[in-house]
Amino acid sequence: MQLALRGITKRFGSLVANDRISLTVEPGEIHCLLGENGAGKSTLMNVLYGLYQADEGEIVLDGDVQHFSGPGDAIAAGIGMVHQHFMLVPVFTVAENVMLGNEATGFGGSLDLDAARARVREISERFGFHVDPDAIVEELPVGVQQRVEIIKALSRDAQVLVFDEPTAVLTPQETDELMEIMRQLKAAGTAIVFITHKLREVREVADRITVIRLGAVVGEASPTASNAELASLMVGRPVELTVHKEPPTLGEDALVVDGLTVADASGLVHVNDISFSIKAGEILAVAGVQGNGQTELTEALLGLQEHVGGSIRLDGKELRGRRVRQILDAGVGFVPEDRQVDGLVGTFSIAENLMLDRSFGAPFVRVGSVQLGKLKAFAQQKLREYDVRAPGISTHAGNLSGGNQQKVVVARELSRDLRLLVAAQPTRGVDVGSIEFIHKQIVATRDAGIPVLVVSTELDEVAALADRIMVLYRGRIVGIVPADTPREVLGLMMAGERPAGAVA
Amino acid sequence: MSTPLAQSSPAPEDEDAPRPPDNNHWHNVFRSITTGNALVAVLSVVLAVIVGSLMIMFTDEGVRESSKYFFSRPGDFLTEARDAITGAYTALFRGSIYNSRADDFTTAIRPLTETLKFAGPLIAAGLGVGLAFRAGLFNIGGRGQMLLAGAAGGWIAINVDLPAPLHLPLAVIAAMLAGALWSGLAGLLKARTGAHEVIVTIMLNYVGFYLVFYALSQQNILQAPGSANVKSLPMQESATLPKIFGERYNVHLGFVLALVAVAVVWWLLNRSALGYRFRAVGENPHAARTAGIDVGRTYVVVMLIAGSLVGLAGANQALGTVTSGVTVDLDAGIGFDAITVALLGRSNPIGILFAGLLFGAFKAGGFSMQASEGIPVDIVLVIQSLIVLFIAAPPLVRALFRLPTKEAK
């Protein structure tokens, strides 16, 4: 079935999220929709799926104009969506999830679970998914859960499948398996829309690429284009994808972590007896799929976790067990994973956010009073230095884009006197231009002789920034390996397999 | 391994960022009720006054009579309605601002001084509640805090002998200290155990009431010697708040102290580092904690200061308005009115100043409405309650029924 979007326009007040977007997807074609966060890809897909009504333009399937008042209409018309955040009920089985909303009923309205199971097996075998219909969803690995989402869409006879940023939560191996599934689906005649901002994947599977920037189509790219060309199309200017990094000038062991264990209130252990050290002037990147203890590790380093055992020494001083204020005063800078919850106060201005962890004493506080003049000068300087796109320093931080918000957090931390920088997912949800900038800042910090711990789920970012890579799996260190370790090896380590020769 | 299962669709910007936990939802509802812009406040007052006017209209004898023959002579109904409403509001104005029926100016302006007298403690206590709101805390303990403050200030005023320039400040400080400690107790419990301040402050109201009742029933604590009444001796001259416009009028220094409190709280919230931390904790306690601000300690300090402001209102009552002796009803409902004042003032010191003046006018003018128009003074209470309803209901209804605050994304 051929899908055509013609001149789709969607506005939210004065913001034009989609500006006359047109694209066609032929059956048996993988069409990639490439664009940065905030470019309007998700909005467009929500229009396609019937969650939004377009202000202008039409959706055409096989030449017939469609009107979707909701997802039910879209599904009935043959459009299936595999969401980035899965829409599965964790305690149901695979079959129960697949039949949800489309239940086959037998006598008197009783559920026909056998029919659902048969359907799951049928689709599963056709594409080689290997999914057990009676498995409980929350017990399945993420890659398999995603397949359940795909089966769900296919069980409604979807002829157009939309994948919305599917690889965010997958290991490299699972990503490769997903690419293979997409090729199979394409061979079976499905039209596939693949939404992403990851250039590597686009070049691997795409037949055609449409690039979206700021809500409008900026052009079609060829799958043979280089990463750099694609990135420039996305951003609108030449972009340096991998930050230039000189070899590190290593100093002494600055951060020494010994036997660190972090548990939560119910006793579940998230970080299990790990030991590592970072030298001054070195970046240690922590790789691993989200949920293997990285979050708890960074929080423990900052004193934000309560049940912490082991030792954390910075410049010889013990930090474990100390309060957050004391750890910050010891020179630890923190770029938290969730900037909107932990990093910024959305209703405070940019200036007020820049002093969030410096509200005790000089330079911004004197005799209990906030030195507004100094704060204003500081904020204006940082706005320029970090190229934060905002009307002014009194703009509320909540009104900034993700990338600009992150720049404010980074500006705040890097203007302190640091002895250690901890950056968790520093470029999540950040536009390509800001990613470039933030990576430069992190490398500059490292070159100034400060140890840096970067946690990232993006292997490209890990490869770009790391001097050494530490892989976590289920709270334990799988290995600490050199920065030039091949992706395949890292992928195996992220799934828990320890390769020969890796330092534990 | 954690799994990214169904969550509500994120904003287009941060598609990869995880959603904040659901308790942020109610935190946001609290913030949208207690803080925000003045438009909500003004509209709520206008709406409440309109509804109040309708009530005045339909309880008026003349209106009811003329409504019986409305269809044959609608003019009568409309005239009666107009008279009822204008009569009510002119009576309100006469009782709260300017009495046009008086003989000379000095008598005519008396209502305004009454308004200021009533407004003083409302402003002070309103600041106490509003300051706590800014830090994300709901201080309902006004009653207990005022009673203990009045009792403490009263004790100093009765039993200590000092010259006036020392005696009065000492009594006021004792009152503020008592209020601070009673409120700080709730803050401490919240910081140490997470006990919700709404529950604790309400319970402390009862505890405070009975403590003061007990003190006023014991001869050797506060009760007037030789008396069986639950009441203390009158305040000594040296510890009463002097009248500021002469003996003719009842308005006393308490009003000036309330104005000073407005200035102090404004400086605290907008210029001081401590107030900055209050606001950070109130707006986003997670980010505040990550930035090294001790949220628990902040709660304690905020409640201490808030309690001292409510204590100032207590001093206002015991040492200024009703100096004939401390009683268990010296709080005169101000502790609860203060919540409405703070809501109407959007937890902003200047807003609270105006809201306090408005409610002071309602209080002063309400009696006049009853006396000259026969409108029950409770109508003022109804209007006050409607104001709270119109401010708090929309965000609450939206939250309860999970209606979107902006278009669903």
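User: Which residues in helix 10 of chain B meet helix 15 of chain B?
Analyst: In this predicted model, where local features need pLDDT of at least 70, side-chain atom pairs count only at pLDDT 80 or more and totals for chains, interfaces and linings use all residues, V262(B), V265(B), W266(B) and L269(B) of helix 10 meet P349(B), I350(B) and L353(B) of helix 15. Residues are numbered from 1 along each chain as its sequence is written, while chains are lettered from A and ligands numbered from 1 in the order in which they are written. Contact here means C-beta atoms, placed from the backbone, within 7 Å, and helices are DSSP runs (H or I, at least four residues), as strands are (E, at least two), numbered from the N terminus.

User: Switching to chain A, where is P363(A) found?
Analyst: P363(A) is in the loop between helix 12 (350-354) and strand 17 (365-366), and the peptide bond joining A362(A) to P363(A) is cis, with omega about 0°. Most peptide bonds are trans, and most residues other than glycine have a negative phi.

User: What is phi of V367(A), and is that residue buried or exposed?
Analyst: Phi of V367(A) is near 50°, a positive value in a residue other than glycine. V367(A) counts as exposed because it has 7 C-beta neighbours inside 10 Å, where 12 or fewer other C-beta atoms, placed from the backbone, within 10 Å means exposed, 20 or more means buried, and in between is partly exposed.

Methods
Two residues are in contact if their C-beta atoms, placed from the backbone, lie within 7 Å.
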